[in-house]
Protein chains: 2
Amino acid sequence: MSKDREISMSVIRRLPRYYRFLYNLKQEGKTRISSSKLASLMGLTASQIRQDLNCFGEFGQQGYGYMVDQLYDEISKILGIENPSPAVIIGIGNMGKAISKYMDFENRGIVITGLFDDSPEVIGETVGNMKVKSMEELEHSCNQYQVEVGILCVPNEAGPEVTKQLIKTGVKTFWNFTHYDIAYNHEDTIVENVHLDDSLMTLSYRLNKSKKDKQNT
Amino acid sequence: MSKDREISMSVIRRLPRYYRFLYNLKQEGKTRISSSKLASLMGLTASQIRQDLNCFGEFGQQGYGYMVDQLYDEISKILGIENPSPAVIIGIGNMGKAISKYMDFENRGIVITGLFDDSPEVIGETVGNMKVKSMEELEHSCNQYQVEVGILCVPNEAGPEVTKQLIKTGVKTFWNFTHYDIAYNHEDTIVENVHLDDSLMTLSYRLNKSKKDKQNT
């Protein structure tokens, strides 16, 4: 069903939202939804939804709407959720622990095969149902499980070295919680950055701006 | 120094990156940097940097570059980091705990005045150097500290109710880790969403797409 042309990142970034909203509709027992109803739920326009979904194939019928189950399954396929990719988490401090316990990886297309840290205090600890391994075991473990994704929760300064180690084992895809710019330093990588600091500073800026604007009116 | 016109969100979202890069330059003892050098460090163009900074005032001189200290201080002011805003974290599960221990709030323009949860197992626990309080204490505490920011780490289904409680105490600014769409449901709020699930699914999509592309070549 999928088309072969390049799809813009802004459309791609909306896909997980479609997936979430369709999941909720399924849970509510809805079987069919019009593009205008889905649009109003998601705060988009009906024409934007039709355009977005059109990038991936032909869904729904004019005047009939979308079959919830079918569209959910198709988007799940497009997102690759049915074929989870093996991943490791590096850095099992506060954030690494939270991520490994908090995320529903398997329903996001990822299966965690190992947790790694270089601190003797953390190595051997059980987090979730996994024992934290030492960095010396990383290469062997990545080869064994054919790991494709590295999740980086290490301190910023460890970013370059850990990235190099992972790339050496064949990992090219990164979920990056550090400030290290992997994509800039390593061509041919796929990187999603989670910059919590930047998000929080943007919030501070917007709050302060609104306070200043109020003072000026 | 700041100008009064509307600044686009894409420029605003780049500000924290400038702030981080200038911080690193300061740490390295650099006093001056040209826009082309800063551009190459940040993976931008020199003209984009000049345009971005121009939104906020006049920095640097043609042919001379920017004074690192001065630009850092100005951006810090623009971001509101000098005037931290009081905030509470609601939901002290894995993510709430990680956020409260991991983030350097005070250098991001935020000061945490309280941690709240509704689970008897968590209430009373010490996280960082703070005792987790019950949701019954929320209103009083928000009034006492004139809390302006709510950080939501609760399960998705608790999003609507917790948001309402915070808005009732006067909070209008949210750092939101839930999928609940606060801005859509409450006008006149300032919201930064951290959608970890969406970020991870986008990564899965991009990895699967690159595997399919390779199979097809």
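This is a predicted model: local features need pLDDT of at least 70, side-chain atom pairs count only at pLDDT 80 or more; totals for chains, interfaces and linings use all residues.
Lining residues are those with an atom within 4 Å of a point of the pocket.

**Second largest pocket**

Six residues of the lining of the second largest pocket come from α1(A), which provides the largest share. The space in this pocket amounts to about 1100 Å³. It is lined by 43 residues, and those closest to its centre are A:Asn24, B:Asn156, B:Glu157, B:His179 and B:Tyr180. Both chains take part: α1 and α2 (35–42) of chain A each supply at least two lining residues, as do α7 (159–168), α8 (182–185) and α9 of chain B.

**Largest pocket**

The largest pocket holds about 1500 Å³ of space. Its lining has 38 residues, with A:Arg13, A:Asn193, B:Arg13, B:Glu192 and B:Asn193 the closest to the centre. Here α1(B) makes the largest contribution to the lining, with six residues. At least two lining residues each come from α1 (9–27), α8 (182–185), β9 (190–193) and α9 (196–215) of chain A, and likewise from α1 (9–27), β9 (190–193) and α9 (196–215) of chain B.

**Composition of the linings**

Notes:
Residues are numbered from 1 along each chain as its sequence is written. Chains are lettered from A and ligands numbered from 1 in the order in which they are written. Side-chain values use heavy atoms; hydrogens and water are left out. On a 1 Å grid over the protein atoms alone, a cavity is a set of points where a 1.4 Å probe fits but cannot get out, and a pocket is an open set with protein on both sides within 12 Å along at least five of seven lines; lining residues have an atom within 4 Å of a point. Grid points are joined across faces, edges and corners, and a volume is the space filled by probe spheres set on the points. Helices (H or I, at least four residues) and strands (E, at least two) are DSSP runs, numbered from the N terminus.
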